Structures are given as structure tokens and as C-alpha cells.
Amino acid sequence: MISSVMWLAAAFFMILFRCSVRGQISYSIPEEMAKGSIVGNISQGLGLDLKRLKSGKARIFAGDNTEFVGLNNERGILLTEEKIDREALCAKTTPCALHLQLILENPMEWYDVTVEIIDINDNAPSFPKGEITFEISESAVNGARFMLENAIDLDVGSNCHLSYSLKPTDHFVLSLQSQTDGDRNMEMVLQKPLDRENKDQLSLLLTAMDGGEPQLTSTVRIHVTVLDINDNPPVFNHRVYKATLAENTPKDTVITSVSASDADEGSNAIITYYMSGTGDVNDLFMVDARSGEISLKGLADFEKANRYQINIQARDQGGLSDSCKVIIDLTDINDNKPIINIVSMSNSISEESRPGIVVAMLNVNDLDSGLNGQVQCYINDNIPFAIASSSSFFSLQTEQELDRERESEYNISVICTDEGVPALSSSVSLRVQISDVNDNAPVFEKTNYEACVMENNTPGLSIFSVKASDADWNQNARVSYILEDSTVNGVSVSSYVSVQPDSGLITAMRSFDYETLKHFHFRVKAQDGGSPPLSSNVTVKITIQDQNDNAPQVLYPVQTGGSVVAEIVPRAADVGYLVTKVVAVDVDSGQNAWLSYKLQKATDRALFEVGLQNGEIKTVRQVTDKDAVKQKLTVVVEDNGQPSRSAVVSINVAVADSFPEVLSEFTDFTHEKQYNDNLTFYLVLALAAVSFLFITCVVVIISVKIYRWRQSRFLYQSSLPVIPYYPPHYADTGVTGTLPHGYNYEVCMTTDSRKSDCKFATLGGQSVLVMDPSFAETMQHTIKKNNSIDGLGSTESQKPPNSDWRFPPNQRPGPSGQHRFHTLQQRWTPYEKSRAGVRPDEAGAGAGVIAGTGPWPNPPTEAEQLQVLMAAANASEATATLGPRYNLQYGPDYRQNVYIPGSTATLTANPQQQQVPQQALPPPQALPPAEVPKAAQTPASKKKPTKKDKK
């Protein structure tokens, strides 16, 4: 039946809900609903989408209350988690409501949900005692009142409105008296006098009925014992006593006292005090039966109850009694700290979060009341967070922009303090980590880097490392180094250096040469591993340091191997006379290029000195007649490197005032080998070269002999004359020393001549002598051969001389030739194989015949004849020193020979003819064979040739 009554009540109290502003909603449900019963559709009530409930992880926060109500996120409805007993939850408090919060995340939101529990009549009235006993004197008059204890109904509202009935009503009736506080006192009133002699025991039945539907009742048995007469009951001084008690008052503290008086005397005047009531009152308070003092028996807690009502009864020995009410009000003291509950919290938040983002939600309660229960929360200073309050909820929010690089983690202390005196506080520590975003580019330790590398380094040499740091974290802080593409001297920089991506180590990819590259720049980029990646770059300058790897180079005087160059010093030269200056350079730099000049060897060290810094060769003393004409100086040019390198230059100095004096001494000049540091190497190289040249010369000589033998046989059989050409020999000295110009000399001879006439041009200067050693050798060979031919000249028939013999030697025509540098060239034709040519006045008459085209040569001067003699004298020494040279008579030339019948030799030395091209006859092999009529033999020609002639 109770179950049906509950469901009827549930049907009567249909689920109500009311939406309120500011995110609040209320529901009303009856108590004792079955588990899983629907409380209300919160999704519709708050206008929230089901998707929002799911994405926000909606849940119900009940605080300290038991979770009587749950949330179904799928349907958006509130359901009961278990049966709710209003009496156990709220006792007599009305209205009885559950204060819940709906919590949503992402973003954080909350809504206040109030569920009011409607009482149903599920509790019957109950009396404190199982039976009531009275002892009433028979002398009790009509109207005597006897207080009865009220029944207790745990329900509220109309369900707890009780009505009573007393049976039988022969002697007693019930009287209900309303009090000022709304309570009613129930008394049993005597309406008919008692007669102990008639009946000493009475039994009554008291019934209590509540006002609920269905109505519930409870009964208690009243036993009345009729006593002997006692006609004056005790009377209290006040009907109501009031007292104030501070909570947490120590036990046994006297709160107040009540007092009653009895007009009777004797034992009937002795009053005993009783405290009526049940529950917490009897546990907390006690009354002294004799004195009526009310004292504290337990600990009073304002948070549990703030007012207590005690019913005190005074009874005399005759059984007469009176009653009064004692009201005790508790005063609150600040004895409860605020209670902090973390409703929701984000352990990590991005550093790019905007201000106002909720990090944590806190629920703070203080069980005290008034100012003692008002709470204020604050956090530590100097952090980019703030705390905001809404009712009992506090939210921790970002107040400023976050920077993980400045602070990666915050330990936030939230302190909540009430306003009591003294104030009590509680705190909780929240740890919030700032998650990193890639907002910092790598930063190099330096704005630019410079490093030095010694030249001639080995490829793969580690130069130095660049270092960049990234203020971000983890992958965002991983730095990679990249060599930016650029060029150095038109070549990619990656062929010069490389950069290791992880360490930033710069490595040389090639060997550097200071002389070609002194320094170069490139850029290195540092890039982090974020997304998108950030980067920065830095300029790196590599400076190549010089090593002493280049020996000095002598620019002046120029050393040549084919001629002798001499500086002439007059004998009248004073002290400090500047002979010449050694000019040298070193392509190194710094102290490696500082050159010093030292005189290593000299014919007379007391005569010359070399400037240590400028290389000037000067005389130390006055030149005397005793000083040798030829002086040879060896100057060492040394740099200042470590180790030092040097170069050696040899200078020939002639101490003379005239050329004849110089000639007598310079025939004895010998060529000395240049000093070499590695003598063994050059000795081996020279030995190999000499061996190779010897074998080559042997092969060439044999080949030439065979070739000439075959050629002689061919020409002997054919009567064609042969005009051989012998290549010129050059003594190439260049335009060095003191000679400002270069000249070329050519000599043409035939075996028909008994002597040679030579024409020399005047030299541009007289301080330097230049000679071709092969000229003397060729001249001696020619003279000897001509002398051998003179013996046969009388027997050989010759054609009559040409008409050019009419001219003097200085007016004879000659072939045009090219001047070369101070070179004497000799051209001659063997007598046996000579052929007739045209005269100068017949030049150009026939094809293939070449005549001189230049002006007539001038007669030789005395100086020119002197130079010829010096060259002839020096030829023997050059031959002895350097070995046999390729003499003029060993090679034929078929290009530029002009045969002048009856003449001996013609020398062309006119500078104006240097640019006239020379023409040559075709070689003998290219001429077609032709029969030439033989000349009539004379008796002299019929003579048998001797053995010498055949050779």
C-alpha cells in the first residue's frame, strides 16, 4: 500500500522544471522515487545540444552530497541514482533541495541545478515512549491538566500535521494549546473527579493521526494511578526560558536554570525536574533534578543546529506537575576553514593561449555562517593568471600572454580566506605546464664568425663550429645547420667547405692556397625542427693564412743559359758605385715575403757588397788596376719565413774601361752550376738526362750518316747542284742587362770562297757582351775545309765569275734575312754540290731563283770586327763547357739559299729589312729529275779524284 501511495504522490507531484537566468534550472521530484527515474530533460531545459554535452564531457558535480542524481549524456536527461529519503537528507528543513552543478569542458562552463525533494507521507507518527504513566491524586479537581508528550512525525508540511484522540473520555479529555512559536502543547484535562476508592487504575489509549494521504496513525497506552490527595501542583516562574550558547563550549558548562514552586508542604512540596524530549537534546543537555540547572553534556555545533528547544517538567511528590520551555540559541564562531574542491583543471596549456582562458575551476565552501562563511580567494603575485569568483565557484584564468621560454611551468598557490576573526584559510597548489609552440628562431652565439686556416691544409680539416640555440623545447629546439648556396670565384662554396647538420662543424673540402684565395665569405643557416620551421643565418669569414711555400723569384737580372751577360764597371768607379740591382719578389705575404739579400760567393768579397734590404750591388772600395777584370758574384735572396726559402742569382761583372780588355778575360768564363739544396736529386736527374742524350745522339748521328751517305750518292749520280741551308743558332738573352735592343746576323758562304767577308751591325750598348759560341767553331770548320779544297781548285774547272765581282765587297747584293737577338747565322754551300745562280742584275729573271731585295750592306766598322773576334775566341770555351753543339755545317736548308757565282760570303745586317719575308727554294727531293748537259772536261777536270776529295 505504501508503494501505491508513493506512486500516487509521484503522479500528483509531476516533474516540474523552471529555467532561470544566469545558467540556473530547478526541478521538483517526490522522494522515494525508484532508481533510474527521470528527473528532467536538462538538454532542453538549458538549451544545450547533445553534441555539446558529449564534446564537453558533461557531468554532475554534487559537492559533499551523495550522488543521488546522475546525467545521461546520450539522452540529455537527469536520472535518480538511488532512492532519496527526504527525512534522512533534510530532516525538518524545508524546502529540501539538492544543489548540483552541471560542468562542461572545452570551453569550461557550469550551470546551477536545483532539485527540490517533495515530501510524501511515508512516515507514521511515533510517540517518544511506548507507554505513559501518571500518578494522579484523587483530590485532583476538574480541569486539572496533565501534559502529554507530542508524537513525532518525520514528514513535513501537511504530512506532519498531527491530530490526537483519547479514549475513553470518561474522566479525561484532550486539550491542544498553540504556542507563540507555532507548536502545540497536548494536555490531558480532568473533567470528572477521580475516586481512588472507586477505581485506582485507569487505562487510556492516545491515538496520533497525521494529515497525509493516506493518513497514518500511531497509538500509545496511558496508565493512570490514582493517588492520595495532593491538591497543589508545582508552578514554574516562567513559561518560556531563553539562553544563548556559543558553539564549541566546553562540557559541563551551566547554560541556565529553571525554577518551580509548590504551595504544598512537606513531601508534597518537594519538586523534581525532568527534561522531556528525545534525540539530540538529551544527548547535548542535562537538567539537575533538584536544582533545575541546565548544563551542557556534549559538544554543540552551530553547523548542525543553531537552536535547541527543551521541555522541562517539575513534579512534586504528590504527582502534580507543571512544565515550561527552554530555548537555547547557538552563536557561531569561526571554527571551520574553507574547503577547496578542484572541480576541473587543465594540466597543460599552450603558450599561444589568449587571455581569459579558464585553466581550472574550484568550488570553495565554508561551513560557518555570516562573515565567518564569506570566502575570498587569491593567488600569488607576478604570474600571468587571475582568479575570478561566481558564487561559491572560482575560476583560474589566464590574464596575460604566456611565454614558455620565460617560464615553462607555474606552481600556483590558491589561498582562500574567510572573513572571520581570526580569519581561517586553506590553500591548494596547482601545477600548470606551458606547452611549447615554435615561436622562436634559432639564435647564433655570435653575429658573425671569423676563422683562420693555414694554407696547404689537408681536405677534411675541421676548422671550427658555429653554434646556435633555440629557446623553444624538444623538437622545436632541435637545430640543424645548412650551408647556404653561394659562389666563391665562380665556384660553389660547397666545394670549399661543408657544414655538419647536427654539430655545425665547418670542414674544409679542399686544400687552400693563399696566393690564389686570401679569404672568402659564406652564410650558414640554422633551422629548427618546428612546423613550420624557423631559421636564422650568420656570415662566416674564412681567412687563409700564408705559409712560406714559395721561394723568391728573381726578376732581374734574368738568368739565361745560352749567353753570357756581364755588367761593366769602369775602373774609375768610386766607392758606392751602383753596379746593378737584384730585383726579386715573393708571392707569399707578411714576413714570408720580407726579402733579404746576401752575397754568398764573390771573386773579391772586399770589392762588392749587397744591400740587405734593397738588393743593390755597390762597390765597397775604390777599383784598382790590380782587381781582376772578370768578377763573378753569387747573390742569395732569402725570405723571412719559417723555414726560410731562397733563390740564387749569378752576376758577371767586368771591371774594364774598353772592350779589348774585356775580351781577353771573358774567353775564360765558365758556366757554373747553380746551387741546389737537393744535390742528390739533381745528380740522378742529370745522369739520366745525359744517358738519354747520349743514346739519342748516337742514334741521330748514325741516322744522319746514313742519310747523308744516301743523299751524297743520289746527288753524285745526278748532276743537279744542291743549295743546302744550315739553321741559324741563336744566343737568346732577351732584352735584359744593359742592352736595350736585339739584333740578328746571318752569314752565307760557299765552298767556292777562299775567305769570308763578314758584316756586323753596331750594337746598341757597350756594357754587355753577347756571343754565340758556335760561330767560332763553324768558322774554324769552314776555314779548314776551304783550305783543303784549295788544293783541288786548280784541277776543277769553274765557270767564269759573275759580273758582281765588279763591285766592292760592301756593295755586293745578299739575301734578305731576319734579325734575331744578338745572333750570328752562317749559311754556306759546299763547293762540290754548288750550282750556278743569276747575278744581282738578273734577279727575278727566272722562277725559283731568289735575289737580295734589300739595300747594299755597309762596310763593317772596327767595333763590329772586334765583336767577331771575341765570338770566335769564346766559341772554343763554350764548346768545351757545354759539349759539341749543332754546328752550321751539319744541317742542310733548302729554303733560303742564294748562290752568287764567284762570291765568298754576304752578311745582311740592315735593320730595315727585318720585316721582309724570306723565300726559299724547294728541297732537292721535290725537284723533278732533269738531265743537265755536262760541261766540257778540261785536262784539269780529267784528273782522278783523290781520297780526300771523295771524303
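1. Where is the place of Asp-368? Asp-368 is in the loop between strand S27 (358-365) and strand S28 (375-379). Note that this is a predicted model.

2. Is Asp-368 paired with a charge, or without a salt bridge? Asp-368 has no salt bridge, yet is buried. The nearest side chain of opposite charge belongs to Lys-337, 11 Å away. A salt bridge needs the two charged groups within 4 Å.

3. Asp-368 does have a polar contact. The side chain of Asn-336 is the partner, at 2.7 Å from side chain to side chain.

4. Look next at the surroundings of Asp-368. Leaving aside residues up to four places away in sequence, Asp-368 touches Asp-332, Ile-333, Asn-334, Asp-335 and Asn-336, among others. Also among its contacts are Glu-247, Glu-303, Gly-373 and Asp-418.

5. Leu-424 lies in another loop, between strand S31 (409-418) and strand S32 (425-435). Its contacts, with residues up to four places away again left out, include Asn-334, Asp-335, Asn-336, Lys-337 and Pro-338. Cys-416, Thr-417 and Asp-418 are touched by Leu-424 too.

6. Turn now to strand S15 (residues 217-227). S15 pairs with strand S9 (residues 131-137) in the parallel sense, over seven bridges. Here Thr-133 stands opposite His-223.

7. S15 also joins strand S14 (residues 201-209). These two run antiparallel, with nine bridges. Leu-202 has Val-224 of S15 as its bridge partner.

Terms used:
Residues numbered from 1 in each chain as written. Predicted model: local features only at pLDDT ≥ 70, side-chain atom pairs only at ≥ 80, totals over all residues. Heavy atoms only, no water. Helix = DSSP H or I, 4+ residues; strand = E, 2+ residues; numbered from the N terminus. Buried < 20%, exposed > 50% of the residue type's maximum accessible area, 1.4 Å probe, protein only. Lys, Arg positive; Asp, Glu negative; His and termini not counted. Polar contact = N/O pair within 3.5 Å; in protein donor to acceptor, adjacent residues only side chain to side chain. Contact = heavy atoms within 4.5 Å. Pairing = 2+ DSSP bridges.
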